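Have a look at the sequence and the model, then read on.

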There are 2 protein chains.
Amino acid sequence: MQTILIIGAGKSTTFLIDYLRKSATEKKRYIILADVSKDIAEKKLRGQENTLAAEINLKDPQSRRSLIEKSELVISMLPAFLHPIVAQDCLELGKHFFTASYESDELRKMKEAIDSKGLLFLNECGLDPGIDHMSAKQIIDREKAAGNEIISFKSYTGGVLAPESEDNPWKYKFTWNPRNVVLAGQGVSRYIENGEFKYIPYHMLFRRLEKISFQEVGDFDAYANRDSLVYRKIYEMDNIPTLLRGTLRRSGFCQSWDVFVQLGLTDDTFEMDLPNGFTKREFLNTFLPFHKEKSVESKLQQILPWLDMSIMEKIKWLGLFEKDALPKTKGSPASILQTILEDKWKLDPMDKDMIVMQHQFEVKTQKGIKKITSSLVCKGEDQEHTAMAKTVGLPLAIAVDMFLEGKIKAKGLMLPVIPSIYEPILSSLEKKGIIFQESEELIS
Amino acid sequence: MQTILIIGAGKSTTFLIDYLRKSATEKKRYIILADVSKDIAEKKLRGQENTLAAEINLKDPQSRRSLIEKSELVISMLPAFLHPIVAQDCLELGKHFFTASYESDELRKMKEAIDSKGLLFLNECGLDPGIDHMSAKQIIDREKAAGNEIISFKSYTGGVLAPESEDNPWKYKFTWNPRNVVLAGQGVSRYIENGEFKYIPYHMLFRRLEKISFQEVGDFDAYANRDSLVYRKIYEMDNIPTLLRGTLRRSGFCQSWDVFVQLGLTDDTFEMDLPNGFTKREFLNTFLPFHKEKSVESKLQQILPWLDMSIMEKIKWLGLFEKDALPKTKGSPASILQTILEDKWKLDPMDKDMIVMQHQFEVKTQKGIKKITSSLVCKGEDQEHTAMAKTVGLPLAIAVDMFLEGKIKAKGLMLPVIPSIYEPILSSLEKKGIIFQESEELIS
């Protein structure tokens with residue numbers, strides 16, 4: 001009997017848990033799902049045979065370690081900053097460790113110890129990071145093996161609404177952590193294009209857009225996503241002249257979101273302490289110049305002269321011109337904006353989200369330069385069974401399953417960028433309907 | 001014999017040291033000037049009787065305390081982050097402590113101990129903070145005493161070039177710490193206008209300008225300076241509906257400086273590691289989008305469409321379109337920009353700097369609302385005897401002199417905002433030519 005410990009039973013764990021619990025009896029496994037709330041864990045397990053819901057107090061080493069000791073392998077679905085604590089326990093107790101989060105510096109410091117104990121610590125095995133790595137690296141390795149040279153790689157991912165649920169002017173709702181959406185892009189974004197290093201400050205990010213199209217679901221805007229340069233090393237393409245990773249939003253979203261960025265409403269660096277009863281309109285007005293006569297609307301158009309009717313309509317739809325009270329008056333501008341948005345961008349029960357991902361390669365071959373486009377569109381089923389939860393949870397669940405079955409033999413501190421890891425996972429994902437459509441054309 | 005210890009003999013200390021050393025013998029005082037470089041200290045003292053140059057190792061408590069023990073009073077002209085260390089020594093050894101820097105939280109924590117030992121710790125007694133406090137508070141207290149109510153207070157200060165030295169297209173050179181100039185305004189700026197709280201993010205700051213005029217020296221642009229709201233407490237005007245502090249630059253400067261802000265060249269949050277030989281033109285290009293054919297100049301105008309010939313001329317004058325190598329290739333964008341600017345914005349030996357300060361009050365009186373304008377223009381003599389060094393150093397020197405003579409009797413942790421401190425200092429400053437011109441007009 002192999003025991004799997006899953007820590008964290010949050011929103012994005014539905015598919016992960018379902019995948020592992022449903023095969024538990026057949027595969028002679030025992031699943032422990034630990035959460036700060038035992039109730040939530042119990043609900044997610046649905047009374048399945050060979051499973052146990054447990055309460056965990058993450059601050060108490062004894063509480064963590066008594067659960068970890070019982071298992072072969074731990075999956076951490078906790079917020080990223082908590083991973084190192086659990087990873088350290090796993091290292092000391094000799095347990096394998098899996099996450100869908102970015103490999104952190106703390107984890108990297110454990111690398112030698114992980115190696116010497118013969119453990120597998122697999123990170124970045126969700127969607128982004130995760131499926132992006134695997135699907136891109138599969139093409140990169142294939143083209144290299146064919147003797148071709150990749151001279152450009154651009155990769156775009158977005159967690160958006162399925163077109164049938166785009167029923168507000170923004171064509172957007174929160175399908176993922178709202179705080180991360182509000183703060184997205186802060187700091188400088190870096191990439192390289194035709195050998196030129198490029199840096200985009202946050203306040204320029206939502207203006208430097210590219211249009212990315214999907215045959216099935218139409219056009220999106222892409223903005224550069226954080227530090228693309230680190231992927232040159234991860235993908236073993238140190239000298240590639242063009243490498244850019246971007247985030248996708250439905251066309252028109254970024255230009256309107258930029259209004260908040262320009263005004264300072266997404267600032268998370270200072271706390272406001274506004275009077276009770278302060279209205280949404282007054283909140284917006286604090287970021288506009290004073291004028292004796294002019295309305296908030298006309299000051300907004302004056303300070304951001306490119307605002308058109310469609311942008312004004314989106315701002316208006318969020319209620320920011322209304323004189324009703326703010327849902328929250330203390331906190332950073334970003335956190336106050338978030339509470340306003342959470343109310344408006346809430347998923348309805350039958351809303352479907354959608355994951356869109358597109359890789360674009362330019363590859364030098366003996367016949368000339370070809371462009372490869374590889375696209376994934378994955379729609380959610382409903383508010384709970386989201387495409388986000390599916391694409392984050394399934395790769396991780398499959399990785400764990402295959403590792404326990406001996407089909408993945410890798411050890412050490414790993415990302416899913418080697419064929420022996422990504423090949424079996426990608427082919428299992430295809431069976432679950434997570435399929436990339438690839439096309440090629442010679443461009444010169 | 002009273003002993004004064006001055007720690008730090010940097011650029012801005014010339015007037016301070018001269019004022020105190022010249023009267024040392026007559027006033028039966030002994031001046032110790034301590035610096036990390038004894039040579040520099042010696043040069044500043046010019047062999048004056050009753051003075052001593054000393055070397056100080058700030059990291060060594062013994063080195064600091066052996067000098068502090070010998071003196072009645074310590075003036076710290078060190079970078080602001082070092083003040084708390086010296087202040088703590090002074091507190092323990094029972095010595096008075098003077099600076100021209102902002103009162104810090106660390107100092108505030110010492111408040112009770114300072115009071116109970118009967119010491120004077122006087123901060124913010126330079127130019128800005130310093131002369132701004134004193135000259136404003138003199139008018140505030142006078143108007144309040146006359147039964148009037150101040151309904152608006154705006155105060156602007158700038159360290160600029162005297163008109164006769166404005167011999168480059170920017171009409172600007174570094175007359176003060178270049179790093180502070182490059183980073184000026186970062187973070188959010190806050191103020192209140194007609195009862196409305198206002199917040200300006202950094203990337204909007206150099207566009208939200210006011211025009212401020214001086215009869216003698218013409219027009220300047222003002223941008224909001226950090227957190228104006230804290231001054232409501234300092235000046236005892238908790239409920240004033242309008243309070244704004246601003247920074248002055250010669251008209252046209254801010255609009256051109258905004259180019260660097262918009263592109264991200266003033267970013268100090270990440271390090272670049274550019275290849276040796278990287279040119280200024282390439283540096284500028286890293287902040288612009290890639291384009292196969294377009295020049296750096298045309299991409300710049302495309303991304304910032306409001307750029308006119310006069311702005312382009314200023315960028316060009318700095319050499320940013322040139323293909324010569326950067327003076328420095330490693331460091332934050334701000335620090336690389338700084339090295340480019342330091343070369344171009346260097347003061348010539350006979351260049352004169354200038355301090356401009358203007359307070360604007362709106363005061364409700366029995367006769368109606370009057371506007372009071374109080375302006376200071378102070379020109380430097382040459383590259384060494386700058387107006388900046390004069391206006392920072394003299395108030396502090398005068399405060400120390402008057403305190404030792406018993407003309408200032410205040411004790412505790414103080415700012416120069418009470419009449420018993422600011423009155424004698426302001427009248428001594430007038431004798432040194434630092435004179436505000438005041439005018440009044442009824443506006444409604």
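## Salt bridges in chain A

In this predicted model, Arg142(A) and Glu143(A) pair up through their side chains in a salt bridge, at 3.0 Å from N to O. The term covers a side-chain nitrogen of Lys or Arg within 4 Å of a carboxyl oxygen of Asp or Glu. Arg142(A) is partly exposed at 37% relative accessibility, whereas Glu143(A) is buried at 3%. Here buried means under 20% relative accessible area, exposed over 50%, and partly exposed in between, using a 1.4 Å probe and protein chains only.

Glu196(A) and Lys198(A) form another salt bridge, at 2.9 Å from N to O. Glu196(A) counts as partly exposed, with 24% relative accessible area, and Lys198(A) is buried, at 0%. There's a network too: salt bridges link Lys27(A), Arg29(A), Asp401(A), Glu405(A) and Lys407(A).

## A link within chain B

Over in chain B, the side chains of Arg245(B) and Asp128(B) meet in a salt bridge of 2.8 Å, N to O. Arg245(B) sits in strand E12 (residues 242-250), while Asp128(B) is in the loop between strand E6 (120-122) and helix H7 (131-145), so the pair ties together parts 117 residues apart in sequence. Helices (H or I, at least four residues) and strands (E, at least two) are DSSP runs, numbered from the N terminus. Arg245(B) is buried, at 4% relative accessible area, and Asp128(B) is partly exposed, at 26%.

## Where the chains meet

How many salt bridges cross the interface of chain B and chain A? The rule finds 0 there, though the count over all chains is 68. What does turn up between the two chains is 14 residue pairs in polar contact, both residues at pLDDT 80 or more. That means N or O atoms within 3.5 Å; within protein, one must be able to donate a hydrogen and the other to accept it, and residues adjacent in sequence count only if both atoms are side-chain atoms.

Each chain brings 29 residues to the contact, meaning heavy atoms within 4.5 Å. About 2,700 Å² is buried between them, 60% of it from carbon and sulfur atoms; buried area is the accessible area (1.4 Å probe) that two parts lose on being put together, summed over both.

## How to read the numbers

Residues are numbered from 1 along each chain as its sequence is written, and chains are lettered from A and ligands numbered from 1 in the order in which they are written. Local features need pLDDT of at least 70, side-chain atom pairs count only at pLDDT 80 or more, and totals for chains, interfaces and linings use all residues, while side-chain values use heavy atoms, leaving out hydrogens and water.
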